[in-house]
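My entries follow the structure.

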Amino acid sequence: MQFSTPITKIPNIGPAYQKKLGKLKIKTVGDLLFHFPVSYEDFSKKNSISSIFHKGKYVVLGEITAISSGRTARRNFSYAEITLKDSTGKIKSIWFNQPYLAKSFKKGETLLLSGNVDYSKEGLQFINPFYEKLKNQSFPKNKIAPVYPQTEGLSSKWLRFIVKSVFYDLKKNIEETLPKEVIEKNNLYPLFVALKEIHFPSSFSSLKKARERISFERIFLLQLSLLKEKMRLSKEKGISISVDIEKIQDLVSKLPFKLTDGQKKASWQIIKDMEKNTPMNRLLEGDVGSGKTIVAVIAALSAIRAGYQAAFMAPTEVLARQHFDEVAKLLWRFKIDVGLLTGKKDLWRSKKLKGDYLEISREKLIEKSKKGEMDFLVGTHALIQDKVKFKNLALVILDEQHRFGVEQRKKLCVKKDSAVPHLLSMTATPIPRTLTLTVYGDLSLSVIKEMPKERKKIITKLISPKKRNEAYEFIKKELKEGRQAFFICPRIEEGEEKENSPWKGLKSVEEEKERLEKEVFPEFKVEMLHGKMKSTEKEKIMKDFKNKKTDILVSTSVIEVGIDIRNASVMVIEGAEMFGLSQLHQFRGRVGRGEFQSYCFLFASSSSEKTRKRLKALLTAQNGFELAEKDLEIRGPGDFLGKRQWGKADFTMEALKDIDLVESARETAKEILEKDYELKKYPLLKKRVERIKEKIHLE
Ligand code: ADP
Ligand code: MG
C-alpha cells in the first residue's frame, strides 16, 4: 500500500463507503491520511458519576443498564437514550437524531462517554456525547481519540478504525516529502510519524509537534514558490533608469509640504531599485493618508524624464480621476502628457495646454500611448485591455493593489516589448509581519510608518442606539461651522432578506439619504454615491462634495479608497459590524486629512461579544499596523488570505501566527534555492512547487 493506492484497495471499504468518502474528495490512501481530525477527545482523566454536580465536560466509564428510543414531544426529534452505571452512581445520556444508536447498544456493555453534561427535566445528563464501546472495564491510559469533521454516515469511530488499519498496512512505507536535511535542520517529525501522531496522538505535546511538521511543510513549499519567483524576476532583463536628482528635487521643493522621513526613504529605495537593470517588484505599505501618492509620482517622474512611459492603475473611477488631477497638477511644469483611461470618458492633459483638459477618444488615446506620445497613463482596469499598448513602458504603479487579482497584476507587467517594466504596488492595508512574508514573500518592501506631522488624531466612538440623536446634534454643529460629513451604509437599497439574514435591518444608502435629508438634517444638502450609479453622475457628486456644494455624502464602500476631501471632519459608519477592521480604518482615514479635528462615529446593529471586541480595537488603535495585528489575533489569518489556498488544515492558518516557524521555513527555502535554483536535486519538491504556482494562477 502507498499514498497513491486507491481506497477501493483498502479492505473493509465497500461501495457505499467509497461513495461517502468520494463526497469528501477522498480517493486515495494519501487523501485519507490527510483528512485530519478537527478535534480530539481527551480520555486521560476519568470522572466518577457521583462527582458530576454541575454542567460541563466529563468523561465517564460504566455499564449500560437501560436503553430506550422515541421522539420528543415538542419538536418531534428522534432520540436514543441510555442509562449508564458505575460503582458510584447512575447517569443518563441522550443522542438526538441518531435513532439507530438504540439498536447498536446492548445492556451490560461497557461504554466510555465523553462530552457535555447539561440539565434536562430529569436532572443532569450527557447530551450527544462521544462514545466508545470497550471490551472490558479497564480505563484506557492516556487515550486521545481523534474526532473527524462531521459527515453524514461517516462516524469518527469508523474513520479511526479504517485509518488505523491503513497505518498497520503501510508500516513505515510512507514516502517522505521533505528532504532529509530540511527535517534534520528544523528538528521536524518525519511524515510518517507526523501523520500517525495526528490521527493517534500519544500525547498532546507530540500532537503539537506533528501539526507543526505539516504546517512547516506547507509554508516551506509556499516560500519556495515565492522565493523562486523572486529569483526568476531578478534574472530578467529590466530597464535601468538613472536618477535625475535635480528634477526630483525640483518637484519636491515646490510641494506645499515637506516630505516625511518615511516618504523620503521609500522614494529613495524605489529610485535606487529602478536604477538596476533587473525589474523592480516592490510593495509600498503605508497607512491611509501617509502620503503614498507623491512617492509614486516621484518614481513616475524619474522614469518619464529618462524617456520612458509610466502607468498608474487605481481600483475605481473616482480614484483614478483624483490621481489624474493630482498627477497632472504636480507634473505639468515638467512638460509631461498625462492621459486618463477609464471605463467611460477619457481625458488628456497635454503639455501644450496650460490649464484645461481635453476630452479625447479612446482610440486616439491608445494610439498616442502606442506611439509613445503619452508619457503617463492613469486609469482603472481599462488599462489592462489587450488593445492598450505602450511604446516603452518602464514603470507600472498599482494603487490599493489588494483590490486587483493576481492575474490583473501580472497582465500589466507582462505588457512588455522587450524588457519587463518595474512594478510598484501600493497598499494601505498593512498586514502582520508573518503574513507579509507569506503573502508578499516575493516582493521587496518599503514601509511608511509615520503620518505627516500636522495630522490630528481622529476621535473614534462607538455610539449606542440611545445616543444616536446626541451624535446627530454634534454633527449639526460641525456642519454649521462649515465642515462636511460622510455617512457609510453597508448596502445600496432596501432588499427583501430572509428573517435570519445578517443584512436584515441594515441601513441602505437610498433610504438613509432620504431620511437624513428630510428628518435629520433638513437645513443641509445631502447627496448619495454608490457603485450602481453612472460614472458621470458619480464624478459630479464627488466634484460637488469636493467643492463644498454638498454637506453630507451618504455612500457605500465605494468611498473606501483614497478619496481626499480636506474639509470633511465627520465619518459616520452604519452597520459597522459588517466591515473588516482594516476596511473601517480605511473609511476613517477619509477624514482628518486637513487641519480640522475629525471624528469617526460607529453604529453597530449587532452587539455580539466578537463584534464589540473588534470595534473596540478601532477605538484605541490609530495605526493600521496595530489593527492588522489585532485582526489577526481576533479573526485569525483567514481575512488576510484566501481561505481556499489553505484548504482543510486550519492549524496551518494558526501556524501563520508563529513568526519563528514562518521565518525558519523561509530561511530553509532560501538555502535550498541558493544551492539549487532549478531544484534539480529535489524532483519531488519541484513538482509540488509547480503545482502551487498553478493553484495561485487559478485563484
Ligand atoms: P495615501 O497614502 O492614503 O494614498 P495620499 O497620498 O492620498 O495618502 O496623501 C494624503 C494627503 O496628504 C494628500 O492630500 C497629500 O497631498 C497630503 N500629504 C502627502 N504627504 C504629505 C506630507 N509630507 N505632509 C503633509 N501633507 C502630505
Ligand atoms: Mg492613496
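**Entry 1: the ligand shell**

I sorted the shell around ligand 1 by class and noted four nonpolar, six polar and eight charged residues. Here Ala, Val, Leu, Ile, Met, Phe, Trp, Tyr, Cys and Pro count as nonpolar, Asp, Glu, Lys and Arg as charged, and the others, Gly among them, as polar. The model is predicted: local features need pLDDT of at least 70 and side-chain atom pairs pLDDT 80 or more, while totals for chains, interfaces and linings use all residues. Residues are numbered from 1 along each chain as its sequence is written, chains are lettered from A and ligands numbered from 1 in the order written, and side-chain values use heavy atoms, without hydrogens and water.

I counted 18 residues around ligand 1, each with a heavy atom within 4 Å of it. Lys-258, Gly-289, Lys-292, Thr-293 and Asp-564 are the closest.

**Entry 2: polar contacts**

I then looked for polar contacts (pairs of N or O atoms within 3.5 Å). An N or O atom in the side chain of Lys-292 lies 2.7 Å from an oxygen atom of ligand 1. For Gln-263, a polar side-chain atom is 2.9 Å from a nitrogen atom of the ligand.

**Entry 3: the cavity**

How many cavities of 30 Å³ or more does the structure hold? I found one, a cavity being a set of points on a 1 Å grid over the protein atoms alone where a 1.4 Å probe fits but cannot get out.

Key. A polar contact is a pair of N or O atoms within 3.5 Å; within protein, one must be able to donate a hydrogen and the other to accept it, and residues adjacent in sequence count only if both atoms are side-chain atoms. On a 1 Å grid over the protein atoms alone, a cavity is a set of points where a 1.4 Å probe fits but cannot get out, and a pocket is an open set with protein on both sides within 12 Å along at least five of seven lines; lining residues have an atom within 4 Å of a point. Grid points are joined across faces, edges and corners, and a volume is the space filled by probe spheres set on the points.
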